[in-house]
Structure formats: C-alpha cells, structure tokens
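Hi everyone, thanks for coming. I'd like to walk you through one structure today, so please have a look at the screen.

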Amino acid sequence: MFLLIGLALAGVPTKLAPDEERGEALYRASCWQCHGVNALGDGPLSAAVPSPPLAGRIVSDDFPDTVDLIEAGQGDMPAYSQVLNRHDIRRILVWLATLDPETGINPDAPLPEEDTEDTELEDPPEGTVEGTVERPETVVPPAGALKAPPVLPVLPPAED
Ligand code: HEC
C-alpha cells in the first residue's frame with residue numbers, strides 16, 4: 001500500500017502509457033461484464049453468454065479486423081460502433097495486448113503484487129517471506145497516526 005503510494009508520488013516509469021490507461025478504463029466500463037475483470041473470459045455474464053478470453057491474445061496485426069468486429073458485433077457480442085470510436089476501441093486492444101494470457105495481468109503494471117516478485121531478489125534475508133521484503137510491516141503507522149501531528153517542542157540539533 002505505502003509502496004504503491006510511494007511509486008505514484010515518485011512518478012516511477014512503471015506507470016501505464018496513456019493509451020493503455022484509457023484502454024483499461026474503457027474495458028472496465030464496457031467489456032469486463034462478459035470477458036472478465038482480467039479478460040480471461042470469466043465475467044459475471046459469461047455464464048449466460050459464453051465469452052472468449054481476450055488477455056494477451058490479439059496481436060497488433062489483427063487490431064484492424066478486431067476493431068471491425070467490435071464495432072459490428074458478432075453473435076452474442078454487442079456492436080459498439082454507436083458507443084466507442086475506433087481509436088478508443090484500438091486503445092482497449094492495446095491494453096489487452098499487455099496482459100499475460102494465463103493470468104490476465106500486465107507484468108509491467110505498477111501493482112504491488114508484481115513489484116514483489118522475486119525476479120531481482122535471489123536470496124531474501126533470513127526470516128522474511130520470499131517476495132515480501134520490500135514491504136516491511138513495520139512502516140504501517142497505527143490508525144489515527146495520519147491525523148494532524150502534535151506540536152513538537154523545538155530540540156537542539158542532534159549531535160552525531
Ligand atoms: C454481453 C457480453 C459481451 C460484452 C459486454 C462484450 N463482449 Fe466481446 N464477445 C462476447 C461474445 C459472446 C463473443 C463471441 C462472439 C462470437 O464469435 O460468437 C465476443 C467476442 C469478442 C471478441 C472476438 C474474440 C475472438 O477470439 O474472436 C473481441 C475482440 C471482443 N469480444 C472484445 C470485446 C470488447 C473490447 C468489449 C467491450 C468494448 C466487449 N467485447 C464486450 C460477449 C461480450
């Protein structure tokens with residue numbers, strides 16, 4: 001949680017590109033209900049309307065044909081030409097292409113779960129659970145600690 005806030009404030013380059021960000025937002029508004037939150041084909045409506053997984057499955061060469069399909073609809077897939085323009089549909093495809101087809105997660109997205117994968121850390125320090133060392137529990141302040149700080153007395157400079 002604090003790691004995530006820290007990354008956001010520091011403007012770390014793991015932020016999604018603007019097209020991907022907008023594509024994700026549009027997908028979350030219009031498509032997840034059938035195709036699933038992680039685009040694995042398992043949205044709440046997929047029981048009634050079996051919907052194919054989309055994560056990481058559409059390569060950029062197929063974007064033009066796929067935009068056509070989404071505009072026109074197909075079978076139980078609704079037509080989106082009255083709802084979204086082609087550029088925005090393409091942005092959805094750009095975002096979908098960043099997702100891993102198995103997990104439906106973008107491995108480069110700034111999510112704390114991904115940042116803690118043991119890709120760089122070969123030997124976690126003794127006594128830590130692998131993959132969690134970047135988020136020490138002790139930095140979490142107690143409830144109420146974020147309210148206005150008490151007025152502290154002025155101390156002489158620390159000597160060291
Ligand atoms: C009401 C459920 C529903 C919604 C909402 C929906 N889809 Fe679909 N979608 C489907 C179904 C069902 C199919 C399979 C259509 C067929 O070929 O019979 C499909 C097919 C597709 C395909 C083709 C996949 C392939 O492998 O051929 C793409 C791409 C797609 N949808 C993207 C989208 C996008 C993008 C959105 C949001 C803008 C969206 N869908 C919203 C149900 C839905």
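Let's begin with the ligand: how many residues surround the ligand, and which are the closest? There are 20 residues around the ligand, and the closest are Cys31, Cys34, Gly75, Asp76 and Met77. A residue is counted as near a molecule if its C-beta atom, placed from the backbone, lies within 6 Å of it. Helix H3 (32–35) and helix H4 (63–72) are the elements that give two or more residues to this shell. By class, the shell has 12 nonpolar residues, seven polar and one charged. Here Ala, Val, Leu, Ile, Met, Phe, Trp, Tyr, Cys and Pro count as nonpolar, Asp, Glu, Lys and Arg as charged, and the others, Gly among them, as polar.

A quick word on what you are looking at. This is a predicted model, in which local features need pLDDT of at least 70, side-chain atom pairs count only at pLDDT 80 or more, and totals for chains, interfaces and linings use all residues. Residues are numbered from 1 along each chain as its sequence is written.

Now the overall picture. The protein has six helices and zero strands; helices (H or I, at least four residues) and strands (E, at least two) are DSSP runs, numbered from the N terminus. Of the 160 residues in the protein, 16% are buried, where buried means 20 or more other C-beta atoms within 10 Å of the residue's own, exposed means 12 or fewer, and partly exposed is in between, with C-beta atoms placed from the backbone.

Let me zoom in on helix H5, residues 86–97. Its buried residues are Ile89, Arg91, Ile92, Leu93, Trp95 and Leu96. Helix H2 (18–30) and H4 are among what covers them.

How do H2 and H5 pack? Their axes, which are lines fitted to C-alpha atoms over the stretch in contact, lie 7 Å apart at an angle of about 100 degrees, on a scale from 0 to 180 degrees between N-to-C directions. That makes H2 roughly perpendicular to H5, a label used for 65 to 115 degrees. On the H5 side, the contact (C-beta atoms, placed from the backbone, within 7 Å) includes Asp88 and Trp95, and on the H2 side it includes Asp19 and Tyr27. The contact has five nonpolar, one polar and six charged residues.

Technical notes:
Contact = placed C-beta atoms within 7 Å. Parallel < 35°, antiparallel > 145°, perpendicular 65-115°, else oblique.
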